Amino acid sequence: MENTQLQQNRPNDEIDLLELFSRMGKSISNAIKSFFTLIWKVLLFFISFSFRNVIQLSIILGFGIAVSVAIFFSSSRFYSSDMIASSNALRNEDMISIINNLNELCRTGNKEGLAQNLNISLENAEMIKSIKAYWGYDTNLDGIVDYIDCEDEYLASKDSTIRRIQNRFFVKAEVFDETIFNLMKSGLYKYIESNPYVIQVNETRKRQLQDMITQTNLEIRKLDSLQNFEYFEKDRIVPQVGANQMVLFTEKERKLYHREIFNLLSEKQDLERRLTVHADPITVIQDFTPLSRVENSLVSYVKKIAPLILIAGFILLVIWRYKKDIIETIK
């Protein structure tokens, strides 16, 4: 009785809103239930249909495996290997672009241009399938490369949890003959080191490093001379005073220079390391390894082709079993 009186006392617009939200909640709940019911029915149909036609589906799967094996033996094997490097002369972005120009020659089939750029024979150039540089990404922000973006998936990514590793890049090469890796490796070095712009920038960089080393040596000698004066010469200087004058000497705090000298020495050693260890346009951290991997193995063909044929066969089998119902539904 009290509830009825409360409802009568409420404004009509408030009651209408309550009914509207109640109906919307019921509609959403029914839609979700219908969706999961449909998923469950489709899953049950898939399982029951597969059990009832297990022989036919097994034949289709066997056919897919046979097709995969046939394609495997009719195609040429190609192998891949990776190189990790860091650019000293240019930014890594620019070096990646320069290397990817070679892959464009591979993609367009310009083997003559590839042979000329790598300084190898045309016969050896035809054994190279692709050579491309990629970025590495840190997916858990621990500073370690977790993923090499061979598919260019992260180029437009705005995910803040994915960080590009800026101090190195990765080169993946695919060849039809494993013995080509050594020739291609030396050819890649020559290709980079013969680029006029790379040569100019690298020579300028080395000259600037040498100037910095020379100036650092000069500053170290200055500090060393100042330190000798403070420690050994300064105390020998005695001020001249008259007979009737009295001078009060207060000992001042002696300044130490060893920290400044050590810092400059550390900077000098870092500059010398960059000039000697990283003198070339690029520094190879890990070269192409002879233990290359087969990219188009039999397993890879079976994984790609057999499931597609099985799915297509399943759909065709469903259409064949229920063709009368499908025709009547269309009509």
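Leaving aside neighbours within four places in sequence, Ser75 is in contact with Asn296 and Tyr301, where contact denotes heavy atoms within 4.5 Å. The model is a predicted one, in which local features need pLDDT of at least 70 and side-chain atom pairs count only at pLDDT 80 or more, whereas totals for chains, interfaces and linings use all residues. Residues are numbered from 1 along each chain as its sequence is written, and side-chain values use heavy atoms, with hydrogens and water left out.

Ser75 is found in the loop between α3 (54-74) and β1, helices (H or I, at least four residues) and strands (E, at least two) being DSSP runs numbered from the N terminus. Ser75 is partly exposed, with a relative accessible area of 22%; in this scheme buried means under 20% relative accessible area, exposed over 50%, and partly exposed in between (1.4 Å probe, protein chains only). The side chain of Ser75 makes a polar contact with that of Tyr301 at 3.1 Å, and a polar atom of the Ser75 side chain lies 3.0 Å from the backbone oxygen of Ile71. A polar contact is a pair of N or O atoms within 3.5 Å; within protein, one must be able to donate a hydrogen and the other to accept it, and residues adjacent in sequence count only if both atoms are side-chain atoms. Between Ser75 and Asn296, 221 residues apart in sequence, the C-alpha to C-alpha distance is 8.8 Å.

Strand β2 (residues 128-134) is mostly covered, with 5 of its 7 residues buried. β2 pairs with strand β6 (residues 169-175) in the antiparallel sense over 6 bridges, pairing requiring that DSSP find at least two bridges between two strands. Within this arrangement, Ser130 stands opposite Glu174 in β6.

Two exposed residues lie elsewhere. Asn119, in the loop between α5 (111-118) and α6 (122-125), has a positive phi of about 60° although it is not a glycine, and Asn119 is exposed, with a relative accessible area of 55%. Trp40, placed in helix α2 (residues 12-52), is likewise exposed, at 51% relative accessible area.
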